[in-house]
Amino acid sequence: MNSQFDTDLQTGMDTVDRFRSDVLEGLGSNPKKMFSKYFYDKTGDQIFQQIMKMPEYYLTNCELDIFKNKTKELADTILLNNTPFDLIELGAGDAMKSSYLLKHLVEKDIDFTYMPIDISGNILSVLNEKLSKELPTLDVVALEGDYFNMLDKATSISKRRKVVLFLGGNIGNMDLEESYHFCRELNRKLNLGDLLLIGFDLKKNPHTILNAYNDSEGITASFNLNLLLRINRELEADFDVTQFQHYQTYDPVSGACKSYLVSLEKQHVQIGNNIFNFKENELIDMEISQKFSPNDISKLAKKTKFHIRKEINDSKNWFVDSIWQV
Ligand code: AVJ
């Protein structure tokens, strides 16, 4: 497999050092926070697979509906005037949705390289194995690491027009300010004519949204708590996960769906040589899953200098894949 390891070029930090420094920084802030990109270790990947199978978690099925049933529409938009391209996927995971597009393109005998980028090396090896079985002729270069570090690597490898996929509502894991910054940065890194396909989870009945992140079986809770366990495992910490409780909120006005862990008692946690004190009911801000209105989306595209070429919705109109051009 063609996977490359993420090292921070500026600081020379390796993956564990970067994880440690992000965790210490997050717990040192007020309010305390975590970076949700660290949810995805091997156990986190497995819990996320379980989340995607929950009846409440509609996002995956909605976008799957688009990729399964509107493949040709997607492909035709991406193919543009048949100018050669490479396909880069940010946060590819197991490529459950994009594999329908990949299959379609392979069957049409289109020559392109697929470059999945993911923070989880574990899921990339799962993906690589799956693709070599299902689409053996597909040219794959898997890149393990952060979006922008690996996007730089991908653009240095690819000499063709770029088509970037950013699916699953992954953009929702940024607050609005971050997503504006992210899209601007992406626009800077891409060239005239390149395409960006972003999946947005749309604002809808607030109960539907809240339920997707507040399942009765506690799978989402364990997804959050697993990050504390990962910190215990990898950073020699002593979080007592029985003393933290998952709490989910959704604000239908702003579209912010947020998860927190609540400290159930006054307690302290040791991470290496660092001690963090928690008051009773103190929160850790764990993750945001931002929801968008169609107007929020066109504003984001416009302000970050993209042109919307096409929007493809699922049959319920709960989710949209919006295709933007530089
Ligand atoms: C993978 C970022 C799209 O925010 O909906 C699912 C992650 N968190 N349940 C999302 C997640 C809790 C998911 N994304």
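Trainee: Where does Asp109 lie?

Mentor: Please keep in mind that this is a predicted model. Asp109 is found in the loop between α5 (98-107) and β3 (113-118). Its phi is near 65 degrees, a positive value in a residue other than glycine.

Trainee: And which loop holds Pro31?

Mentor: Pro31 belongs to the loop between α1 (15-28) and β1 (32-33). The peptide bond that leads from Asn30 to Pro31 is cis, and its omega is near 0 degrees.

Trainee: Let us step back. How many helices and strands are in the chain?

Mentor: The chain has 11 helices and 14 strands. Its C-alpha trace spans about 60 × 45 × 35 Å along the principal axes. The radius of gyration is 20 Å, which agrees with the value near 20 Å that a compact globule of 326 residues would have.

Trainee: Into which domains is the chain divided?

Mentor: Domain 1 takes in 11-52 + 205-288, and domain 2 takes in 56-201 + 291-324. Their C-alpha centres lie 26 Å apart.

Trainee: How many residues of each domain are in contact with the other?

Mentor: In domain 1 there are 16 residues in contact with 15 residues of domain 2. On the side of domain 1 that touches domain 2, at least two residues each come from α2 (42-53), α9 (206-212) and β12 (283-290). By class, that side of domain 1 has 7 nonpolar, 4 polar and 5 charged residues.

Trainee: You mentioned α2. At what angle do the axes of α2 and α10 cross?

Mentor: The axes of α2 and helix α10 (residues 219-235) cross at roughly 175 degrees and come within 10 Å. An angle over 145 degrees counts as roughly antiparallel, so α2 is roughly antiparallel to α10.

Trainee: Which residues of α2 and α10 meet?

Mentor: From α2 there are Thr43, Gly44, Ile47, Phe48, Gln50 and Ile51, and they meet Ile219, Thr220, Ser222, Phe223, Asn226 and Arg230 in α10. By class, this contact of α2 with α10 has 5 nonpolar, 6 polar and 1 charged residues.

Trainee: Now the ligand. Which residues are around it?

Mentor: The residues around the ligand are Ile51, Leu59, Gly168, Gly169, Asn170, Gly172, Asn173, Tyr213, Thr220, Phe223, Glu287 and Ser289. They divide into 4 nonpolar, 7 polar and 1 charged.

Trainee: Which elements supply at least two residues each to that shell?

Mentor: Those are α10 and β12. Thr220 and Phe223 of α10 also take part in the contact with α2, and both are among the residues around the ligand.

Trainee: From which domains does the shell around the ligand draw its residues?

Mentor: At least three residues of the shell come from each of domain 1 and domain 2.

Notes. Residues numbered from 1 in each chain as written. Predicted model: local features only at pLDDT ≥ 70, side-chain atom pairs only at ≥ 80, totals over all residues. Domains from an automatic or database assignment. Contact = placed C-beta atoms within 7 Å. Helix = DSSP H or I, 4+ residues; strand = E, 2+ residues; numbered from the N terminus. Nonpolar A, V, L, I, M, F, W, Y, C, P; charged D, E, K, R; others polar. Axes fitted to C-alpha atoms, helices over the stretch in contact; angles between N-to-C directions. Parallel < 35°, antiparallel > 145°, perpendicular 65-115°, else oblique. Near = placed C-beta within 6 Å. Rg over C-alpha atoms; globule rule 2.2 N^0.38 Å.
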